[in-house]
Amino acid sequence: MKSHRKELWFNVPTRRAYINITREVEEAVEESGVREGLVLVNAMHISASVFINDDESGLHHDFEVFLERLAPHEPVGQYRHNDTGEDNADAHIKRQVFGREVVVSITDGRLDFGPWEQIFYGEFDGGRRKRVLVKVIGE
Amino acid sequence: MKSHRKELWFNVPTRRAYINITREVEEAVEESGVREGLVLVNAMHISASVFINDDESGLHHDFEVFLERLAPHEPVGQYRHNDTGEDNADAHIKRQVFGREVVVSITDGRLDFGPWEQIFYGEFDGGRRKRVLVKVIGE
Amino acid sequence: MKSHRKELWFNVPTRRAYINITREVEEAVEESGVREGLVLVNAMHISASVFINDDESGLHHDFEVFLERLAPHEPVGQYRHNDTGEDNADAHIKRQVFGREVVVSITDGRLDFGPWEQIFYGEFDGGRRKRVLVKVIGE
């Protein structure tokens with residue numbers, strides 16, 4: 001069994017953003033030499049998500065409206081977590097809704113995707129350096 | 001390490017449905033010959049989900065009410081994604097809430113499940129042919 | 001390829017709770033002898049979650065408020081599932097939002113985590129014995 005590990009780094013200037021990382025994950029799979037296996041892609045921070053959906057800016061706007069309606073950033077005092085001095089309780093909740101990770105099949109050395117699947121890093125508490133882990137296993 | 005790949009095809013006549021695919025996944029595991037490993041089951045389309053919950057029709061009605069309240073299909077003009085000519089922004093959001101994939105343990109050649117776990121394909125934008133990927137790895 | 005399986009048992013006296021199980025998962029990884037691989041951690045019951053987030057009691061309070069607002073336990077008659085004699089439809093829905101499972105990378109024999117990642121068992125329908133499955137695969 002082969003394995004390969006790679007970190008992707010981000011420093012998003014805005015509080016929230018959706019960044020397409022499909023190409024970076026494909027590169028990690030190519031580097032691994034794995035032809036048949038699985039790749040795990042996960043946020044290493046608990047106020048961010050990795051998910052698979054459409055690379056369409058209107059939809060990303062809809063995601064933003066949806067998540068802000070579910071768990072608004074302000075007023076920050078509505079969350080007990082923010083009594084610790086943080087202001088990112090909403091980001092922890094948004095990450096719960098959108099998920100931490102994806103696992104993707106590798107077939108014939110490539111991401112085994114449907115026609116529109118793209119991998120995104122969902123940042124909900126930007127303005128600092130944060131990481132995504134890519135872990136490939138297989139043969 | 002063994003691996004096995006299978007596609008399940010659906011053409012749901014209604015816009016939304018929850019379809020039990022546990023037996024099809026079990027068959028893919030049996031075909032693989034894997035005794036110890038993992039099976040990934042994921043929607044290959046970004047307006048559908050794969051998830052594990054109860055095979056009880058009342059609960060599926062409750063899921064329907066819950067998801068329509070969170071992200072209603074209509075009016076379709078409330079979503080910017082639908083400015084592209086699509087009418088399925090709600091389906092992309094519902095899929096985010098219910099998730100893309102499940103990973104299930106294989107032990108002694110079988111799905112390693114608790115008493116009530118069943119795997120479902122959640123269709124949120126039916127009326128056309130769509131696929132689920134089953135990928136088995138192990139030994 | 002090595003594999004290792006372990007069950008964690010819970011009997012939460014309250015209806016809902018968030019229990020840090022990171023140490024138990026680390027122990028299972030150590031027992032497995034796997035140095036490079038993946039560990040799947042999933043609820044074996046469909047009214048509970050396994051997820052990764054912050055070990056901060058204020059945030060857990062915020063999770064509680066969030067989930068009760070999305071899918072309130074009472075009145076139990078609002079859910080068709082509860083016509084079966086159950087009163088846990090809300091727990092099935094909360095589990096959908098928070099997810100069934102996590103998959104974590106194992107690198108150098110350890111959970112490959114960011115600085116704050118901790119694994120939680122989320123109980124949404126306590127008062128009875130329930131299980132989490134830990135499955136390790138790798139080399």
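How many residues of chain A are in contact with chain C, and how many of chain C with chain A? The tour of this predicted model opens with that pair of chains.

**Stop 1: chains A and C**

Select chains A and C together. On the chain A side, 28 residues are in contact with 35 residues of chain C. The two chains bury about 2600 Å² between them, and 60% of that area lies on carbon and sulfur atoms. Now highlight Met1(A), Ile46(A) and Gln96(A): these residues supply 24% of the area that chain A buries against chain C, more than any other three residues.

For one example, select Lys135(A) and Glu36(C), whose side chains meet in a salt bridge at 2.6 Å, N to O. Polar contacts across the interface of chain A and chain C involve 16 residue pairs, with both residues at pLDDT 80 or more.

Colour chain A by secondary structure. Strand E1 (2-11), strand E3 (37-43), helix H3 (89-98), strand E5 (101-107) and strand E8 (129-138) of chain A each give two or more residues to the side that touches chain C. Of these, H3(A) provides the largest share, six residues. Coloured by class, the side of chain A that touches chain C shows 14 nonpolar, seven polar and seven charged residues.

**Stop 2: chains C and B**

Move to the pair formed by chains C and B. Here 28 residues of chain C meet 35 residues of chain B. The buried area is about 2600 Å², with carbon and sulfur atoms giving 59%. Select Met1(C), Ile46(C) and Gln96(C), which supply 24% of the area that chain C buries against chain B, more than any other three residues.

Three salt bridges are counted between chain C and chain B. Centre the view on Glu117(B) and Arg100(C), where the side chains form a salt bridge of 2.7 Å, N to O. The interface of chain C and chain B also has 16 residue pairs in polar contact, both residues being at pLDDT 80 or more.

H3(C) gives the most, with six residues.

**Stop 3: Ser47 in chain B**

Select Ser47(B), in the loop between strand E3 (37-43) and strand E4 (48-53) of chain B. Is Ser47(B) buried or exposed? Ser47(B) is buried, with a relative accessible area of 2%.

**Stop 4: strand E4 of chain A**

Finally, return to chain A and select strand E4, residues 48-53. Six of its six residues are buried, so the strand is largely enclosed by the rest of the structure. In a regular strand, side chains alternate between the two faces of the sheet. In E4(A), Ala48(A), Val50(A) and Ile52(A) are buried on one side, and Ser49(A), Phe51(A) and Asn53(A) are buried on the other.

E4(A) and E7(A) pair in the antiparallel sense over six bridges. To locate one of them, select Ser49(A) and its bridge partner in E7(A), Gly122(A).

Note on methods. Residues are numbered from 1 along each chain as its sequence is written. Chains are lettered from A and ligands numbered from 1 in the order in which they are written. This is a predicted model: local features need pLDDT of at least 70, side-chain atom pairs count only at pLDDT 80 or more; totals for chains, interfaces and linings use all residues. Side-chain values use heavy atoms; hydrogens and water are left out. Contact means heavy atoms within 4.5 Å. Buried area is the accessible area (1.4 Å probe) that two parts lose on being put together, summed over both. A salt bridge is a side-chain nitrogen of Lys or Arg within 4 Å of a carboxyl oxygen of Asp or Glu. A polar contact is a pair of N or O atoms within 3.5 Å; within protein, one must be able to donate a hydrogen and the other to accept it, and residues adjacent in sequence count only if both atoms are side-chain atoms. Helices (H or I, at least four residues) and strands (E, at least two) are DSSP runs, numbered from the N terminus. Ala, Val, Leu, Ile, Met, Phe, Trp, Tyr, Cys and Pro count as nonpolar, Asp, Glu, Lys and Arg as charged, and the others, Gly among them, as polar. Buried means under 20% relative accessible area, exposed over 50%, partly exposed in between (1.4 Å probe, protein chains only). Two strands pair if DSSP finds at least two bridges between them.
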